[in-house]
Each structure stands twice: as C-alpha cells, then as structure tokens.
Amino acid sequence: MVGYENINITETDNGSIANNLGDAISTQRHIVASARPFHINKSHQINGQYMKSGIYADAFFYDLSAIFPKGEAFMIKTMAWWRDKMPADQLPDIANFIEQEAGHSREHIAMNKLIQNAGFNLSNSDKNVESVVKRAAALSPRGRLLAVVCLEHMTAIMAAEMIKNPQHVENFSAEFRDFWLWHAVEEVDHKSVVFDAWRYSVRDKSETWQYLTRCSMMLLISISFVINRTRGQLSLLKQHDIGKIKGFFGMMRYGLRKGGLARNILPHWKLFFHRGFHPSQINDRHLLEKGEKLIAASLQTKSFNKAKPKNRAKKPVKIFAAKAA
Ligand SMILES: [Fe+2]
Ligand SMILES: [Fe+2]
C-alpha cells in the first residue's frame, strides 16, 4: 500500500516534474497565514475594450472571476460544516482558509462589477455556477468536502502557474494583475487545508477506497469544469461578435498553445492521480514569496504614480500585513 508519506513530487529548475517515489518528504508543516488584506479600487476602469493579450484572455479570466463568489461561498460553507468535527491541530488552518476565501469572494464581487461596467455581461456564467453549486450541495458532507478538495487542487495549480509565469496576467491593468496575484498567493498558501480535512473525514475507509473515490471525483469535477467554463467563455465571446466555432478554436489556441495556462498546468493536474498524492508534495512554497514581492513592487509604483495628482487617495492600499509562515 502506498502511503502519503513516501512520494515526493518536486519541480526541477527546467520546469519538468520529478516524481521521486520512495523519497522522504519534508516533515515541516506549512502553517497557513491569516488573510492578507487587499481591496480592489472600486472606481477602477478597464481601459480599452480588451487587455493586450486579446479577447480570449479576457474571456478566460472574466468568466473565472464570475464563478468565484458563489463557488467560494460553497467551499466556505462546506468547510464550516466540518470545522467542529476536525482535530484541534487543523483548526487554525481551517479558520485562515475560511477567512482567505471570504476575502476572495468579497473582492471578486467588486471585480465583477468593474468587468460588467466594461461591457461584459457575466450573468450566464453566474447562473451556470449557481446550478453547479446547487447540484454539488446535494452531495453527502464527505462528497461535498471531496468536491472542494478537487476544486482546490485545480485552483492551486492555476494559481501557482500565474505566479510562476506572471505573463498570464501582466497585460491586465496593474489593479487587476495585483488582484489575481493576491488571490493566487493565498490559493497556494492554503492548498492543503481541505485535503487534510477530507483525509481525516475518511480515516475509517481503506486507502484503496479513498484513492478510487478521490480519482473519480476529480474526473467528474474536471469534465464539468471544462464543459461549463467553455460555455461561460463562449457566452462572453458571443457578446463581442465571436461565434461558437471561431470562439472555440480561439479558446483552445489561447489555453493550449506553448506557454498557455491550460497546457502548463496539465502535468500538475495529472499528479492528483498518483496513489499517494498530497498537495504539499508539489514544492511551490517559494512562489508565495515571489508573488508577494511582485505585488509589493507594483504597489510601490502605484503609490509613486498616485503622488502626483492633488486628489490622490488619502491612504494607499495596505497589503500583506501578515506574512506567510
Ligand atoms: Fe479563493
Ligand atoms: Fe482556495
């Protein structure tokens, strides 16, 4: 039987994945930081119709933003249900997970208003995620927790990719780019919390049962995600006179081209299907510091730019008062 302690997955300098079965992993536990304060500027306007990367990048990120408020609310509710059934040593991380996700949900609501102001109607994506969440809510408590495990893995690998290759978001305005990087940092930070909770919730089940159930749910969630997010993006593209066929191939090109976000995360997505997988085995803690530094540098530039006009904001946005452990 393969245990969770004897598989170590590391990323090499050239970006390839090394799966060192049999190696011992670090026993040092990562402690999730408390939520990092971030508030998007609600009067921010998106300049121009599209970001420089093009309409397909817009469609991808705007559709994603549209689904976060309800998606994250589902994650919070699920975790909150389990909270008082978890062992004491997991409680601080669970509290920070909930706090971080609540902040993301709050800021995505604000961001979605800015996106809608720029001429993208997000109602189809919103309705779509509402019906998906409704179906997921009908699962058993363990099933809901496992669905969140899978969503968290997908979110964490996208987040890590955004920080590793910030060109995915660098053509957004600085406001939007910082926003995505902030969300990404916290997703990498808390990526193991729900997995650990689920492992505890199914401790009475065999490793084989856990493995098969986990893989089945990931397949289901991934297929549903691809279908629904394709629909969501096509709806946004249609609003800008791009039909289904052209839109579909454009999306594929955008995501799966060399260096594309979807293409780059595939190897990490597959790691979930290792029998002994645990999120902490993907060593990407260094990305927390990188992401925080990128945002801090951007905020400094923004404060410098803001210093010129007389009616500048009285208080610059404070961020990262709390430092990841
Ligand atoms: Fe989040
Ligand atoms: Fe998350």
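Me: How many residues does helix H5 have, and what distance does it reach from its first C-alpha to its last?
Reply: In this predicted model, helix H5 covers residues 174–189, which is 16 residues. At 1.5 Å a residue the expected reach is 22 Å. From first C-alpha to last, H5 comes close to that expected value, at 22 Å.

Me: Is H5 largely enclosed by the rest of the structure or largely open, and how many of its residues are buried?
Reply: A residue counts as buried if 20 or more other C-beta atoms lie within 10 Å of its own. H5 is largely enclosed by the rest of the structure, because its buried residues number 14 of the 16.

Me: What share of the residues of the protein count as buried?
Reply: The protein has 325 residues. The part of them that counts as buried is 38%.

Me: Which residues make the contact of H1 with H7, and how do they divide by class?
Reply: The crossing of H1 and H7 is right-handed. H1 contributes Ile55, Ala59, Phe60, Tyr62, Asp63 and Ala66, while H7 contributes Arg229, Gly232, Gln233, Leu236 and Leu237. By class, these are 7 nonpolar, 2 polar and 2 charged residues.

Me: At what angle do H4 and H9 pack, and is their crossing left-handed or right-handed?
Reply: Helix H4 (residues 141–164) and helix H9 (residues 261–271) have their axes 9 Å apart. Their angle is about 125 degrees, which means that H4 is oblique to H9. The crossing of H4 and H9 is right-handed.

Me: How many residues of the contact of H4 with H9 are nonpolar?
Reply: In H4 the residues are Met154, Ile157, Met158 and Glu161, and they meet Leu261, Asn264, Ile265, His268 and Trp269 in H9. Among these residues, 2 are polar and 1 is charged. The nonpolar ones number 6.

Terms used: Residues numbered from 1 in each chain as written. Chains lettered and ligands numbered in written order. Predicted model: local features only at pLDDT ≥ 70, side-chain atom pairs only at ≥ 80, totals over all residues. Helix = DSSP H or I, 4+ residues; strand = E, 2+ residues; numbered from the N terminus. Expected span 1.5 Å × (residues − 1). Buried ≥ 20, exposed ≤ 12 C-beta atoms within 10 Å, placed from the backbone. Left-handed = near helix turned anticlockwise from the far one by under 90°. Contact = placed C-beta atoms within 7 Å. Nonpolar A, V, L, I, M, F, W, Y, C, P; charged D, E, K, R; others polar. Axes fitted to C-alpha atoms, helices over the stretch in contact; angles between N-to-C directions. Parallel < 35°, antiparallel > 145°, perpendicular 65-115°, else oblique.
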